[in-house]
Amino acid sequence: MNRLGSATSPYLLQHAENPVDWYEWGTEALGAARDQDKPILLSVGYAACHWCHVMAHESFEDAGTAAFMNQHFINIKVDREERPDIDAVYMKATQAMTGQGGWPMTCVLTPAGEPFFAGTYFPPEPRHGMPSFSQVIQSLADAWENRRDEVERVGSEVVDHLSNSGEGVGAALDEAALDEAALDEAADILAREYDGNAGGFGNSPKFPPSMVLEFLLRFARRTDSSDALAIVEHTCQAMARGGMYDQLVGGFARYSVDRFWRVPHFEKMLYDNAQLLRVYLHLWRQTGDPLARRIALETGQFLLAELLTDEGGFASALDADSDGHEGTYYVWNPEQLVEVLGENYGHWAAELLTVTTDGTFERGFSTLQLLKDPDDRARWARVRQRLAAARSDRTYPARDDKVVAAWNGLAITGLAEAGVLLDEPTFTAAAIGAAELLASLHTTGEGKLLRTSRVGRASANAGVLEDYGCVT
């Protein structure tokens with residue numbers, strides 16, 4: 001057990017038995033880097049991240065790789081959900097240095113914290129033009145030992161670049177006028193970026209654009225714009241009928257890897273589902289759309305059934321992986337449907353849910369899509385119940401059970417609204433319970449918020465702006 005054994009973050013605890021001598025971010029780690037004159041290897045990820053798990057198994061659990069890391073670096077592991085402030089700083093550096101970002105994020109810093117190298121996932125062996133992780137860290141250790149001046153110059157230049165770019169963005173925002181003309185222009189831009197065929201905006205990957213849809217709903221009410229409302233209706237229908245939505249028990253995956261919402265990146269995040277609950281609720285309230293009402297109701301039921309913790313808060317996420325593979329818990333092939341449902345119901349369900357022999361996912365498996373409502377609703381209800389029961393016998397995805405203040409604030413708001421509008425007192429009760437947990441466990445005597453807790457134990461991490469914005 002390394003230093004992460006006492007962490008409250010499930011992501012850090014996943015690495016507590018690595019042979020890497022991990023530190024948490026803090027004065028101890030930064031002081032060790034200065035005292036030992038070693039660069040910092042910063043690895044940032046989160047518990048439900050598929051590629052974080054892959055890199056951990058390939059590199060951080062390897063004794064030889066860990067020994068080299070321990071000899072040449074001070075190694076710091078950060079949960080991006082627990083410390084969004086650290087993640088934001090070094091993600092900006094990663095995007096500036098590489099043109100892209102993502103997790104796991106790998107940055108190498110001077111002892112003063114200045115980044116001179118950044119990347120994301122690195123494989124254990126070179127492939128697809130990408131160096132191996134061992135090659136990367138060996139090269140960086142050599143650069144630190146033999147080209148120190150160059151390394152420190154790069155770090156200083158990156159810091160200067162980020163400081164200057166931040167000032168420019170701030171000045172532009174200060175000068176921007178947020179009036180009706182600006183809102184009209186924003187709606188026009190969104191209409192041009194709208195994917196009229198598949199719903200949503202842009203190409204793949206597609207993330208659920210919760211705040212954009214909320215904006216367009218309000219814009220449609222203010223201007224009586226049928227075009228803006230049509231964008232929301234189409235996008236919401238496409239997301240709800242595709243494989244990104246769990247057709248058996250409700251709840252949305254984090255994003256779709258394809259343009260048509262067929263194949264998700266399978267982790268389910270609290271913040272997505274809390275916001276989408278409100279989007280579908282508001283769409284139903286504005287239009288009376290029965291699909292929107294159903295999805296709002298099922299999403300709320302998913303939050304209570306699968307993310308509610310024993311302490312009364314809401315867990316952060318469900319993992320994408322089961323049994324070492326992404327999506328195993330959620331996908332099906334035709335033979336499995338027949339095995340659970342019998343010949344007649346199995347073939348009917350396969351056609352209804354677009355489960356094919358070739359598969360819409362991989363390895364001959366398909367996600368479940370409900371592209372149209374079945375004519376026989378009672379039959380679908382029985383099929384859905386039996387498939388959900390059969391799926392419950394599979395290995396359940398790991399749950400990141402830390403409670404994040406901001407995301408619980410989003411869930412409280414959504415469930416409180418839905419409890420009233422849908423006449424679901426269980427939603428209202430759950431919202432009250434989560435609010436009481438935040439008030440008792442996440443609030444200090446000085447009235448300040450703490451960002452995270454787990455199994456009734458609050459972390460020392462102070463709340464950030466989104467926590468105050470979403471909770472208070």
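Colleague: Which residue's side chain does Thr 452 join through a polar contact, and at what distance?
Modeller: Bear in mind that this model is predicted. A polar contact links the side chain of Thr 452 to that of Ser 459, and its length is 2.7 Å.

Colleague: Is Thr 452 buried or exposed?
Modeller: Thr 452 sits in strand β14, residues 452-454. Setting aside neighbours within four places in sequence, its contacts include Glu 82, Val 403, His 442 and Asn 461. The cut-off for buried is under 20% relative accessible area. Thr 452 has 1%, so it counts as buried.

Colleague: Happy to move on to α16. What span should its 17 residues have, and how far apart are its end C-alpha atoms?
Modeller: Helix α16 covers residues 405-421, and the rule used is 1.5 Å a residue.

Colleague: Which elements do the buried residues of α16 pack against?
Modeller: The buried residues of α16 include Trp 407, Ile 412 and Leu 415. Its buried residues pack against α11, α12, β13, α17 and α18.

Colleague: Which residue with a positive phi follows α16?
Modeller: Phi is near 55° at this residue, which comes after the helix. The residue is Asp 423.

Colleague: Nice. What is the radius of gyration of the chain?
Modeller: The chain holds 18 helices and 15 strands. For 472 residues the globule rule gives 23 Å, and the chain comes close to this, so it is as compact as a globular protein of that length; its radius of gyration is 24 Å.

Terms used. Residues are numbered from 1 along each chain as its sequence is written. This is a predicted model: local features need pLDDT of at least 70, side-chain atom pairs count only at pLDDT 80 or more; totals for chains, interfaces and linings use all residues. Side-chain values use heavy atoms; hydrogens and water are left out. Helices (H or I, at least four residues) and strands (E, at least two) are DSSP runs, numbered from the N terminus. Buried means under 20% relative accessible area, exposed over 50%, partly exposed in between (1.4 Å probe, protein chains only). A polar contact is a pair of N or O atoms within 3.5 Å; within protein, one must be able to donate a hydrogen and the other to accept it, and residues adjacent in sequence count only if both atoms are side-chain atoms. Contact means heavy atoms within 4.5 Å. The expected span of a helix is 1.5 Å times one less than its number of residues. The radius of gyration is taken over C-alpha atoms; the globule rule is 2.2 Å times the number of residues to the power 0.38.
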